[in-house]
Amino acid sequence: MKKVFTNRITWLDSCRGLAIMLLIAVHYVGALESRELITKDILVLIKSILRVATPYFILMFGFTFAIAYGKKIQSLHDVKSLYFNLMPRLGLVLLGREVIVLATAVRYPEMQEYLLSTLFYQSFSRSGEILSFYFFAIACAPLVLYWLQSMKKVISLFVIIITYSVSYYIGSHYATEFPTMWFRFLFYNVYPFFPFFSLVMLGMLLARLYKQISTDKLRMLLFGCMSLIFIVLGSVILQYVSKTPLLSLANAELKAPPHPSYVLIYTGIAIFISSVLALLSTKKWAPQIIFSFLDVIGRNSLLAYVLHYFLFIATPISQLVFTTKSTINELSIFVVILLTMFGLIYYRDSQKIAASTKKMVIK
């Protein structure tokens, strides 16, 4: 039987790439309604689906990290060595966040009044703070993975549930009593660390389950059932907490801190999407050019995420190039910039592959 879940290049990078594309899409889909290309009702439906991007990316980070480093972390010495190897990555994440802050300040001039305080983490940026979460998630991941691998799976699940439950309770009940920046970052801001890091831990646990199941049929059955249970349970809870469920999801009303219904629904969808991508990719039931594109984005997720914040310059450029304001003209410039950015990402990817190949040849 061909393996459905074994080729990391084929489907894990594709999942990361898709998560980044969803993050980008949710930032720009609103422009479709403002230009009267879609109705408000359709926009709500689309945005409610695209909101899976953040939980999806975070879950896949935990899953991929455990797949990549699980066997390499067997002792605290291994953890120390991994931290040393991750230092350049951590530096790039911080740099990426600062670039996004500067780009956002260009787009929103009012941010320039407190630009320095934002750059030095004395206040939050309007955009890009998921990279702040990502930085600390990477910083904590080696030690947490080592710790989780030393536990039984049931105990690991219990720890994950407790971590999420306690942090969500704190964030949802004490937000007004402790308005300091660090408290907001840890418990109830747009990307509160502890509730969302619970998803990283869940991803690690799912990776452990995936590796321990011997057949693809059982893997598909387990993850399929898990996805269905999460979505149904989350949907039932959502009906009780919101009179307008789709609108609540579309407007991210349940994201800060992430409500149980939000976590369950989007975790279930993320698991389902990953399973479908794995199946389509390895069975070659879809054009491989799609997965090649997603793989490149997935292998260069940080660069892709940072670059997409410059897509907003399509509007001022179209106004300079064309004498009349037109949605078609603006869309044309947008596509040109998008293709240029992908060209840069593709070039960077080819350079990384060449360097990796050269290193293997030398060894």
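Predicted model: local features only at pLDDT ≥ 70, side-chain atom pairs only at ≥ 80, totals over all residues.
Okay, who does Asp349 pair up with? Its partner is Arg299, and the two form a salt bridge with their closest N and O atoms 2.9 Å apart. Arg299 sits in helix α14, residues 288–299, while Asp349 is in helix α17, residues 327–362, so this pair links distant parts of the chain, 50 residues apart.

In total we count four salt bridges. Let's look at Arg97 next. It's buried, at 1% relative accessibility. Its side chain meets Glu98 in a salt bridge at 2.8 Å, N to O, and it also meets Glu129 in one at 2.6 Å. Glu129 is buried too. Arg97 is in helix α5 and Glu129 in the loop between α6 and α7, so the pair ties together parts 32 residues apart in sequence.

Now, helix α5 itself. It covers residues 76–107 and packs with α7, residues 130–149, at an angle of about 175°, with the axes 8 Å apart. That makes α5 roughly antiparallel to α7. What kinds of residues does this contact have, by class? There are 18 nonpolar, two polar and two charged residues. On the α5 side they include Leu86, Val93 and our friend Arg97, and on the α7 side Phe135, Ile138 and Tyr146 are among them.

Definitions and conventions
Residues numbered from 1 in each chain as written. Heavy atoms only, no water. Axes fitted to C-alpha atoms, helices over the stretch in contact; angles between N-to-C directions. Helix = DSSP H or I, 4+ residues; strand = E, 2+ residues; numbered from the N terminus. Parallel < 35°, antiparallel > 145°, perpendicular 65-115°, else oblique. Contact = heavy atoms within 4.5 Å. Nonpolar A, V, L, I, M, F, W, Y, C, P; charged D, E, K, R; others polar. Buried < 20%, exposed > 50% of the residue type's maximum accessible area, 1.4 Å probe, protein only.
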